[in-house]
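Take the two chains one at a time, then look at where they meet.

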Amino acid sequence: MATTLLRQHLIDPEVCIRCNTCEEACKPKAITHDRRNYVVDFAKCNGCGDCLPPCPTGAIDTWREVGEAYSVEAQLAWDAVPANAAPAATGAHETGIPDDVARLEEEASRSQGGRAPPPWSAAHPYVGLYARERPAIATVVGNHRLTVEGSETDIRHIVLDLGKCAFPVLEGQSVGVLVPGVDALGRPHHVRLYSVASPRNGERPNHNNLALTVKRVTADLQGNPVKGVASNYLCDAKRGDRIELTGPYGDSFLMPNHPGAKLLMVCTGTGSAPMRAMTERRRRRMGLHEGGRILLFFGARRPDELPYFGPLSRLPADLIDVELAFSRSPDTPKEYVQDRLRARGEDVAAWLAEDDTYVYICGHKRMEAGVLEAMADVCAARGFDWSVRREEMRRAGRLHIETY
Amino acid sequence: MSIDYASKIPNNVDLGSNKTLQRALEHWQPRYLDWWREMGPEGSLAHEVYLRTAISVDPKGWAHFDYVKMPDYRWGIFLTPPEEGRTHAFGTHKGQPVWNEVPGEYRTHLRRVIVTQGDTEPASVEQQRQLGAICPSLYDLRNLYQVNVEEGRHLWAMVYLLHAYFGRDGREEADEMLQRRSGDADKPRILGAFNEKTPDWLSFFMFTFLTDRDGKYQLAALAESGFDPLARSTRFMLTEEAHHLFVGESGIGRILQRTAEVMKELRTDDPAALRAAGVIDLPTIQRYLNFHFSVTLDLYGSEVSSNASIFYTSGLKGRFDETKIADDHVLTGSHYDLSVVEGGKLVTQSENALLTLNERLRDDYIVDCQAGVDRWNRILEKGGAAQRLRLPHKGFHRKIGSFAKTFVSPEGEVLTEKTWNERASAWLPSDADHAFVQSLMGRVAEPGKYAHWIAPPSRGIDQKPESFEYVRFA
């Protein structure tokens, strides 16, 4: 999965003296004020920078990378730029998630109903080891198409080698990709987050590498043609190309180490990346006979657009139980993941009733409502209340949702 | 004789095309430099100062930072580029094209406005000339010098208008600007507040926060002028003025931050204990605020003023943010509420809006000051101090206008002269206060070091680190 970080121009109300020079200088009239604060309207700011030199205080030179731009109203109410939003420019290897990424993650996991702790048996994650100012440098060692050549959707499996650079990632974590150059307005491109598709010991075990699942974006959410900057950059990458990474990020959407834990996964499209990482982790440990099962609901438009379809179908049945749903398949009736969830209602409800079950939902925002509704229905049919169960599971670190 | 005047006097007014004007200003320039050497910052001529210089008026070019010896600073003439088709925004000429020449009937009024504004600029440089010797850091010293050179440039802006549009009278007035001296009994500066002393940095910060803010409001009112060269001059000056307000607001803010830190550390708000610990107690800061605020309010003139009315109706000086106000911009028949003392009580009186424009500008100014004081109070709040600063009532300690003969406390109670005098020492800085503040004023001039009584700034100038050498001494 991929998400975008926006670079937002703000004014630091603790430093600003309301002298009005910025508003005076702002041609697109993006800067406004009330009795309290001067603020920049993200939608109107064209990044021309005319407001920067006249500012006597430096308050104007405030930038944040955010998942969702702060509204004018929110900014007008500030006493200070949100405290935990310090830019990751300090240089030192700070741990902890930068606020920009935290906001992105919060956005992605909003329908979870609040922050979830990681599973109790998850390994401890490293977060934020690398930032924009000092990224990790990875080399492309593999880039192959997962979807059938000629199909509309171009989804790729990209393997990055990190050489001697320490970049520890866990299944479910993501990395930031920095696209070189600047956008049409001369600003550096936003950081894009991609979930890691390989398990913790790498795509090729013990070679310090990781894999990403990247879909080439050719249209926006409304279907208008648009060329995704980062996705096209990654999909076009050749072996040997150098890619700058930030992160790793994510300290909640992690898999349990506890061998008996059962994983109930629901995903669409490239939301399969973390599922693939977790499944692969389990597959590699099958010889240990640790137990624990996986139930996967996976949706795509057509079989030829379903990433990892081939390898998935070859996985042993005692490891994973796979339900596929195709919404545009010429051979089968239109089906969504929630339809498969309902069809397997008995099993799903039984799994949700157990204390060793961990639920992971990842994919398009528009699938989320349907999936949660289906879960509520199957629980109701078994006589328990999903809304109560869901909250219990979230608080126990057993429900993780990332949608975009 | 081929002198490149354009480079001698940087300008964006095509000075080269008007030889007479060029020559006149060329004569004035050495006199200005003489004045700077005599009355500019003391002992500073050879210092290299990290200054912001305007090299053009577009946003990209006007904040150029580099080390400069102040006498070599490129004082020049910069006007905001003309606005195509600009018309009078107010007064009887509303809707007509703005003037690019002085209309004969307003010549005297306009000259007076420009001279009054221009006179304040060198005055404040003179008032501040000794502060360098007691600077709390190189950062602050640099800011002082930046303020000083920009006040100098503001003088240039007004002198240009006098030379370019007022002939011989204008040239004489320009010379007079260099003759008067702040605080001089024989040749004082025109306005009272500009003859007060600025003996210490607390006064300097109060002055830049409060009195330079009067400058902002006067300039903003002139930026609305129908005499376009004046409007364009003052518009560019406003951009520079903002730095001065910043110096004041952040200066006091850093003092408050430091005081709050020590209050927390010692768990006391006892002024004597805090003074012993080497920081400025909040009651002293409040008294300085009361003083500087009240003398600055006097700069706006009488509440009821026929001059103000004439300036407005004739299109010479507008209101603050004139073009953003939603009314008829003529004001005949409109009213404005005044506070006055009547029968020992404060009452509200409705007056003709045209006659009360001074008061309106003063009220707008007070709102802006209050916002700054609120931000200071947030620093106290954040520092854990329970005390707050407050602006005194606008009738407090006034020498000009209807409050001049009244005795109003900072809280707005109307008192008798006797009671007021008995309590005045709690409201205004005493000689002992001045002496104490003066006692803190040791010179700190090592990069990255700050006097004990003031916190370091949260950001450097031009994004420079805290330890940056803002001033290199000769």
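A residue is buried if 20 or more other C-beta atoms lie within 10 Å of its own, exposed if 12 or fewer, and partly exposed in between, with C-beta atoms placed from the backbone. Helices (H or I, at least four residues) and strands (E, at least two) are DSSP runs, numbered from the N terminus. The model is predicted: local features need pLDDT of at least 70, side-chain atom pairs count only at pLDDT 80 or more, and totals for chains, interfaces and linings use all residues. Residues are numbered from 1 along each chain as its sequence is written, while chains are lettered from A and ligands numbered from 1 in the order in which they are written.

Start with a helix of chain B. Helix α5(B) spans residues 167–179 and has 13 residues. From its first C-alpha to its last it reaches 19 Å, close to the 18 Å expected at 1.5 Å a residue. That expected span is 1.5 Å times one less than the number of residues in the helix. Which residues of α5(B) are buried? They are Gly170(B), Glu173(B), Ala174(B) and Met177(B).

Now turn to the strands of chain B. Strand β1(B) covers residues 48–53, and five of its six residues are buried, so it is largely enclosed by the rest of the structure. Two strands pair if DSSP finds at least two bridges between them. β1(B) runs antiparallel to β2(B), residues 64–69, and six bridges join them. Within this pairing, Glu48(B) has Lys69(B) as its bridge partner in β2(B). β1(B) also pairs with β5(B), residues 471–472, in the antiparallel sense over two bridges. There, Val49(B) has Val471(B) as its bridge partner.

Move on to chain A. Ten helices and 16 strands make up its list of elements. Of its 404 residues, 46% are buried. Two residues are in contact if their C-beta atoms, placed from the backbone, lie within 7 Å. Among contacts in chain A between residues at least 6 apart in sequence, 76% join residues at least 24 apart.

One sheet of chain A deserves a look. This open sheet has five strands in the order β14-β13-β12-β15-β16, with parallel pairing. Which strands stand at its edges? They are β14(A) and β16(A), the latter residues 399–403; each has a single partner strand, so one side of each is left without a neighbour in the sheet. From one strand to the next, the twist averages 10 degrees. Here axes are lines fitted to C-alpha atoms, for helices over the stretch in contact, and angles run from 0 to 180 degrees between N-to-C directions. β13(A), residues 294–300, runs parallel to β14(A), and seven bridges join the two. In this pairing Ile294(A) stands opposite Ile320(A) of β14(A).

Follow the chain out of β14(A). Ser327(A) is in the loop between β14 (320–326) and α7 (337–343) of chain A. It has 17 C-beta neighbours inside 10 Å, so Ser327(A) counts as partly exposed. The C-alpha atoms of Ser327(A) and Ala300(A) are separated by 6.6 Å, although the two are 27 residues apart along the chain. Leaving aside neighbours within four places in sequence, Ser327(A) is in contact with Gly299(A), Arg301(A), Lys334(A), Glu335(A) and Tyr336(A).

Check some backbone details of chain A next. The peptide bond from Gly247(A) to Pro248(A) is cis, with omega near -5 degrees. Pro248(A) lies in strand β11(A), residues 242–249. Asn20(A) is a residue other than glycine with a positive phi, near 80 degrees. Asn20(A) lies in the loop between β2 (6–10) and α1 (21–25) of chain A. With 19 C-beta neighbours inside 10 Å, Asn20(A) counts as partly exposed. Asn208(A) also has a positive phi, near 50 degrees. Its loop lies between β9 (192–195) and β10 (209–215) of chain A.

Finish where the chains meet. The contact takes 15 residues from chain A and 15 residues from chain B. The side of chain A that touches chain B has seven nonpolar, three polar and five charged residues. Ala, Val, Leu, Ile, Met, Phe, Trp, Tyr, Cys and Pro count as nonpolar, Asp, Glu, Lys and Arg as charged, and the others, Gly among them, as polar.
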